[in-house]
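Subject: Structure handover

Dear colleague,

I am passing on to you the structure that we spoke about, and below it I have set out what was found in it. Please read the notes with the structure open beside them.

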Amino acid sequence: MTATQNYTPITPLEERLVDLIKLKGPISIADYMTDALGHPHEGYYMRQTPIGADGDFTTAPEISQVFGELIGLWLVEAWQSMGSPESFNLIELGPGRGTLMVDILRAARLRPGFARAAQVWLVETSGLLRLEQQKRLKETEVSPLWADDFGDIPPAPSLIVANEFFDCLPIHQFERVKTGWRERLVGLDESGTRLAFTLDPTPAAPEYNLPEITESEIGDIFEVSPISLDFAGTICRTLKENGGHALIIDYGHMERGFGDTLQAVKDHAYWPPLLSPGHADITAHVDFEALSKVAIENGINAHGPVTQGRFLDRLGLALRVEALCKGQPEDKANEIRAGATRIAASNAMGEIFKVLSYSSPNLPTPAGLET
Ligand code: SAH
């Protein structure tokens, strides 16, 4: 048992998982994440509204309204590039508190036809967050609909936005040992009462497409998220069949590589990922190379990834910030500028966050994603 575990009370979900592992043996990190985040009663996103100053973490739309406004203008342009269809799905995956969608719709008022044509769909599994989204979206002109799963949305030309959504989809981790790859699992520590990482004694299944032994060294960790790839595949097929663009924003790497990126956050600080399941947010970095490949495999175009800082700069962040600051008292103007710096500066969120778009064939490269 680690020192932190010693002082941290066991959560109801940890107790359940300990019992399950005692009975059936270690579980994958993906199964652990699925329960820790999505368990119907004890899952992190089901128990509380985690985002914002009072929560455990914050996100770009919560930091600066400029983020959502620039994305709103991006979406209007993307809609026009599709020939301004009179009816389309405007879909957000994992909308959190609904802030991004509210900011998008405010900026999109520039072209009133956009909101009139849009059927807004929010893909959200958490009942608590749905309530918050419902409240926020009441101030807008749209009548949104909710779906548990992207696949439940009726097909139509689509514009899809996902900010900090893919990072909470479950991953599998593998560790390179002398003879090959072994899956890293969640088992029990020596006391048999708390969770601890362990290695599967049998070789990893070939369907995970792990790097060749010659490309890796003993001790390397490699992560794969089949659920993310399935999700991305469904998005790409929808775009191919019905037309449209998707915008995926998240922290992650442009090229696949080795490393353990599984992380938990509680009260705005890092937290051990196996401690207090259901009470801490758990995420992993997104593999943008893998997400780009899904587009190519499905016959649509991927643009980017580019860094979030570059993307926002190209969309006119500086001009928008100065327009917002005009006429504001000094402290308010400073707050607006500080928010914009945080989402775009390379030593804050500007470099680690990447932006990727999917576009159906024959549509132009969307704004900000030229490489
Ligand atoms: N996009 C928001 C919130 C990010 S937090 C923002 O930028 O502020 C992640 C969001 O994804 C939450 O709304 C969470 O409830 C939702 N979510 C997590 N896993 C999900 C899943 N499998 N299906 C649908 N929504 C999910």
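Helix α10, which covers residues 226-242, packs with helix α11, residues 288-297, at an angle of about 35°, and their axes are 9 Å apart. Please keep in mind throughout that this is a predicted model. The crossing that α10 and α11 make is right-handed. On the α10 side the residues involved are Ser 228, Leu 229, Ala 232, Gly 233 and Cys 236, and these meet Ala 290, Leu 291, Val 294 and Ala 295 of α11. Sorted by class, this contact of α10 with α11 is made up of seven nonpolar and two polar residues, with no charged residues.

Where α13 passes α14, the crossing is right-handed. From α13, the residues Leu 317, Val 321, Glu 322, Leu 324 and Cys 325 take part, and they meet Ala 333, Ile 336, Arg 337, Ala 340, Ile 343 and Ala 344 in α14. By class, the contact of α13 with α14 holds nine nonpolar and two charged residues, and no polar ones.

Turning to the ligand, there are 18 residues around it, of which Thr 59, Gly 94, Gly 96, Glu 124 and Asn 163 come nearest. Three of these can be described in terms of individual atoms. A polar backbone atom of Gly 96 is 3.0 Å from an oxygen atom of the ligand, while for Glu 124 it is a polar side-chain atom that lies 2.5 Å from a ligand oxygen atom. In the case of Asn 163, a backbone N or O atom lies 2.7 Å from a nitrogen atom of the ligand.

Two points concern the backbone itself. Gly 304 and Pro 305 are joined by a cis peptide bond, with omega at about 0°, and Pro 305 is found in strand β15, which spans residues 301-307. Ser 84, a residue other than glycine, has a positive phi, near 45°, and Ser 84 is located in the loop between α6 (65-81) and β2 (88-93).

Leaving aside neighbours within four places in sequence, Gln 48 is in contact with Leu 128 and Gly 278. The C-alpha atoms of Gln 48 and Leu 169, residues that are 121 apart along the chain, are separated by 18 Å.

Terms used: Residues numbered from 1 in each chain as written. Predicted model: local features only at pLDDT ≥ 70, side-chain atom pairs only at ≥ 80, totals over all residues. Heavy atoms only, no water. Left-handed = near helix turned anticlockwise from the far one by under 90°. Helix = DSSP H or I, 4+ residues; strand = E, 2+ residues; numbered from the N terminus. Contact = heavy atoms within 4.5 Å. Nonpolar A, V, L, I, M, F, W, Y, C, P; charged D, E, K, R; others polar. Near = heavy atom within 4 Å. Polar contact = N/O pair within 3.5 Å; in protein donor to acceptor, adjacent residues only side chain to side chain. Axes fitted to C-alpha atoms, helices over the stretch in contact; angles between N-to-C directions.
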